Amino acid sequence: MPGRDDDRPRPVSGETDTEVELPRESPGVAMPASSRIRYRSIVSAPQAVVAGALDVDTIAALLDSHAQVGGVRLRIVFPDGRVFFEAYPPHPREGEEHQVPVEIPGNAGTRLQGALPARDLELVAHIIENAVRQRTSSGVQLQALDAERKRLSLVFDFSEKVCQLAAFEEVVTRFLGDVTHMLDAREGTFFALDPRRKDLYVRCHHGLRPDVVRGFRLQIGEGIAGAVARDGRPRIVNDVEHCPDYVAKTNPIRNIIAAPIIVRNRLIGVINVNDREDGDKPFSNRDLQLLVSLARLGGVALDNARLYEEIRQLLVATIESLTTAIDAKDQFALGHSRRVAYLAVVMAQRLRLEDQERDMLRIAALLHDIGNLAISESILKKQGPLTDEERAVIKEHPALGASILSPVQQLSEVLPGIVDHHERYDGRGYPRHLKGEEILQQGRIIALADTFDAMTHDRSFRKACAAQDALSEITSQAGTQFDPALVPTFVDTYRELGLEITDVQDLLPPPPPELDF
Ligand SMILES: [Fe+2]
């Protein structure tokens with residue numbers, strides 16, 4: 001008999017060892033440090049078996065509750081022969097019921113051995129078996145609950161993260177990566193609906209080689225993603241090879257789960273995830289529910305991003321139009337605002353300004369002379385020197401520019417660059433006569449770029465000078481007209497770019513991507 005110890009008490013006369021098998025898997029049944037416990041007292045104990053607490057104390061309590069007669073000799077033996085529980089009564093009493101072997105069906109492995117009156121042994125074994133089963137069942141339930149908790153946590157995190165993102169591409173990329181990760185899958189694809197061609201194309205992918213998906217398109221109804229787009233319903237296909245809808249256009253895959261992304265009753269695309277990391281584990285209905293939930297959340301986030309992008313593009317287009325209008329006021333200023341903006345942005349990069357600061361600087365530089373829109377062209381385009389009165393009018397353009405833009409709350413951060421771009425570091429500028437650091441950095445940077453561009457291009461009242469001469473002049477004005485800390489940065493920036501900028505348009509950042517829905 002496995003685990004039998006030589007020093008254990010001798011069996012009581014009439015006892016018969018009985019083995020009762022318990023389930024092999026008994027999670028939570030820990031082996032105590034001492035593998036043998038003398039169990040002599042027969043006292044009342046809690047009746048309830050606490051799920052997940054089937055340890056030696058629980059079993060002892062169970063036996064206390066139900067082994068109400070003498071002749072108890074029980075052992076619980078693990079498959080490797082270790083014994084972790086023994087119970088012996090002090091001595092059988094006269095006239096007690098004889099011990100009878102009892103067989104309780106169960107899995108091979110861990111066994112309950114004992115000699116008890118049949119009814120008690122059966123009862124005890126049954127209780128322990130049920131306790132083990134309950135523990136196992138509870139363990140499964142707890143695991144399922146834990147998995148569900150993790151999923152909900154991921155969904156919550158996802159919804160928070162994705163809704164904080166504003167840029168469309170960033171939302172799409174994050175969305176797909178998170179969904180693929182949550183479903184323990186290897187690959188994910190966001191098929192966007194092309195409203196012009198009425199088909200699906202790969203807008204974003206995760207875990208796939210770019211060359212695999214480049215140019216990949218599906219007609220509505222073609223393939224599993226196409227079928228999902230056509231039907232507007234999610235699908236699980238765990239046996240792709242035998243699915244008639246499957247179209248093998250990319251890597252061979254085993255299983256797919258796909259859901260439509262619908263925003264305000266319009267299909268905008270399909271999210272498609274395939275190949276579980278655990279190859280033997282198919283996608284489940286729970287996975288599908290999760291994907292559908294994420295697709296809904298993703299749809300809202302994508303729609304928000306689309307609206308944001310539309311507004312941003314509208315703003316960019318408005319600024320571009322205004323820039324053209326500003327430069328058109330002066331025939332000699334053609335392209336001036338864009339060149340100033342370009343130089344300012346390159347400086348911002350060299351100064352490692354934050355993206356937001358750099359974007360605001362660019363807008364401020366593009367619009368720095370917007371006040372000229374309120375000034376007569378007869379003054380702006382006048383050939384020859386200006387009168388004192390005309391010069392005074394010209395000097396109003398920074399303040400006029402600020403007053404034009406100040407009602408636009410979204411552009412409040414660009415006002416310093418517009419108001420202050422004619423201030424001087426020594427305080428002798430205009431309109432507010434600010435000095436040193438009183439002039440915000442945006443204004444100090446634009447002042448450098450504006451002056452350099454003005455010097456290196458023809459004006460109505462003078463000819464352009466060479467870039468090197470302009471740089472020398474600017475350097476000589478460090479600490480008087482210009483911020484001495486910024487002048488070297490500007491000179492280095494310009495030298496890095498090259499001595500002539502003939503086509504600034506080519507150097508400007510690319511336009512934002514076109515929106516497809
Ligand atoms: Fe100006």
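Me: What does helix H6 lie across, and at what angle does H6 run to S9?
Reply: In this predicted model, helix H6 (residues 285-328) lies across S8, S9 and S10. Its direction is at about 35° to S9.

Me: Which strands does helix H5 lie across?
Reply: Helix H5 (residues 223-231) lies across strand S5 (185-194), strand S6 (199-206), S7, S8, S9 and strand S10 (266-276). H5 runs at about 35° to S9.

Me: In what order do the six strands form the open sheet, and what is the pairing?
Reply: The order is S7-S6-S5-S10-S9-S8, and the pairing is antiparallel. On average, neighbouring strands of this sheet are turned by 25° against each other, direction ignored.

Me: What makes S7 and S8 stand at the edges?
Reply: Strand S7 (217-219) and strand S8 (235-237) each have a single partner strand, so one side of each is left without a neighbour in the sheet.

Me: What joins S5 to S10 and to S6?
Reply: Seven bridges join S5 to S10, and seven bridges join S5 to S6. Both values meet the cut-off of at least two bridges, so S5 pairs with S10 and with S6. S5 runs antiparallel to S10 and antiparallel to S6. Thr189 has Asn272 as its bridge partner in S10, whereas Phe190 has Cys204 as its partner in S6. In the hairpin of S5 and S6, four residues stand between the strands, and Lys198 takes a positive phi near 60°.

Me: Why is S5 called mostly covered?
Reply: Eight of the 10 residues of S5 are buried. A residue counts as buried if 20 or more other C-beta atoms lie within 10 Å of its own. Of the 517 residues of the protein, 35% count as buried.

Me: Why is H7 called roughly antiparallel to H8?
Reply: The axes of helix H7 (residues 336-350) and helix H8 (residues 355-366) come within 8 Å and cross at roughly 160°. An angle over 145 degrees counts as roughly antiparallel, and the crossing angle therefore makes H7 roughly antiparallel to H8. H7 passes H8 in a right-handed crossing.

Me: Which residues make the contact of H7 with H8, and how do they divide by class?
Reply: H7 contributes Ser337, Arg338, Val340, Ala341, Ala344, Val345, Ala348 and Gln349. H8 contributes Glu357, Arg358, Leu361, Arg362, Ala365 and Leu366. The residues of this contact divide into eight nonpolar, two polar and four charged.

Me: Which residues of H8 and H13 meet, and of what class are they?
Reply: Leu361, Ala364 and Ala365 in H8 meet Gln442, Ile445, Ile446 and Ala449 in H13. By class, the contact has six nonpolar, one polar and no charged residues.

Key:
Residues numbered from 1 in each chain as written. Predicted model: local features only at pLDDT ≥ 70, side-chain atom pairs only at ≥ 80, totals over all residues. Axes fitted to C-alpha atoms, helices over the stretch in contact; angles between N-to-C directions. Parallel < 35°, antiparallel > 145°, perpendicular 65-115°, else oblique. Left-handed = near helix turned anticlockwise from the far one by under 90°. Contact = placed C-beta atoms within 7 Å. Nonpolar A, V, L, I, M, F, W, Y, C, P; charged D, E, K, R; others polar. Buried ≥ 20, exposed ≤ 12 C-beta atoms within 10 Å, placed from the backbone.
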